[in-house]
Amino acid sequence: MPTDVLNEILARVQQVYDWLAEAIGALNPVCRACGTCCDFENYGHRLYITTPEMLYFLHHLPLDFRVMTDGVCPYRENGLCGVYLYRFAACRIFTCTSDPRRQHQLSEEAIRRFKELCVQYDLPYRYIDLKYALSRPELWLA
Ligand code: SF4
Ligand code: SF4
């Protein structure tokens with residue numbers, strides 16, 4: 001992909017994250033950063049990501065891609081997110097103490113924007129379970 005096109009896509013993803021930061025801030029989420037919800041298996045929930053988010057993530061990732069081998073996100077470090085600035089929209093939106101209905105609305109809108117990006121830039125649209133996405137590097141690093 002040409003660098004200028006990639007940069008445009010990355011900037012558009014950043015815009016979505018900026019919009020999310022404002023929208024999530026309005027919810028006043030309370031998170032004690034315990035990292036429990038990054039253990040998908042034990043917490044019992046699933047988060048989903050899209051292609052543009054993974055492009056953004058891989059571009060900024062300050063370390064090697066870590067493969068998820070169990071139910072715990074491999075980027076969780078001592079309970080905290082080791083890729084906090086580049087984490088996925090679902091990671092930004094989910095808080096165990098916030099209104100699930102509003103979180104669902106924000107997720108839907110974020111997904112709509114990412115899907116629109118895929119159409120505009122002719123990217124293959126993927127909406128995929130984060131656990132699956134991190135356990136299959138061949139999907140992204142081929
Ligand atoms: S990317 Fe960060 S916030 Fe998202 S599941 Fe992994 S450790 Fe948790
Ligand atoms: S959202 Fe809840 S479970 Fe997840 S890190 Fe914050 S306090 Fe812990």
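This is a predicted model: local features need pLDDT of at least 70, side-chain atom pairs count only at pLDDT 80 or more; totals for chains, interfaces and linings use all residues.
Let's start with helix α3, which spans residues 51–60 and has Thr51, Pro52, Glu53, Tyr56 and Phe57 buried. What do these buried residues pack against? Their partners are α1 (3–25), β1 (48–50), α4 (89–93) and α5 (100–121).

The pairing of α3 with α5 deserves a look of its own. Two packed helices are described by the angle between their axes and the distance between those axes. Here the angle is about 85° and the axes lie 8 Å apart. Angles of 65 to 115 degrees count as roughly perpendicular, so α3 and α5 are roughly perpendicular to each other. On the α3 side, Thr51, Pro52 and Glu53 make the contact, and α5 brings Phe114, Leu117 and Cys118 to meet them. By class, that contact has four nonpolar residues, one polar and one charged.

The largest nonpolar core has 23 residues, and the members that touch the most others are Phe88, Ala89, Ala90, Ile93 and Leu130. Two or more core residues come from each of α1, α3, α4, α5 and α6 (130–135). If you click on Ile93 and set aside its neighbours within four places in sequence, you will find it in contact with Leu20, Ile24, Gln103, Leu106 and Ser107.

Finally, the ligands. Around ligand 1 sit Cys38, Cys73, Tyr75, Arg76, Cys81, Val83, Arg87, Phe88 and Cys91, a shell of seven nonpolar, no polar and two charged residues.

Note on methods: Residues are numbered from 1 along each chain as its sequence is written. Chains are lettered from A and ligands numbered from 1 in the order in which they are written. A residue is near a molecule or strand if its C-beta atom, placed from the backbone, lies within 6 Å of it. Ala, Val, Leu, Ile, Met, Phe, Trp, Tyr, Cys and Pro count as nonpolar, Asp, Glu, Lys and Arg as charged, and the others, Gly among them, as polar. A residue is buried if 20 or more other C-beta atoms lie within 10 Å of its own, exposed if 12 or fewer, and partly exposed in between; C-beta atoms are placed from the backbone. Helices (H or I, at least four residues) and strands (E, at least two) are DSSP runs, numbered from the N terminus. Two residues are in contact if their C-beta atoms, placed from the backbone, lie within 7 Å. A nonpolar core is a set of buried Ala, Val, Leu, Ile, Met, Phe, Trp, Tyr and Cys residues joined through C-beta atoms within 7 Å. Axes are lines fitted to C-alpha atoms, for helices over the stretch in contact, and angles run from 0 to 180 degrees between N-to-C directions. Angles under 35 degrees count as roughly parallel, over 145 as roughly antiparallel, 65 to 115 as roughly perpendicular and the rest as oblique.
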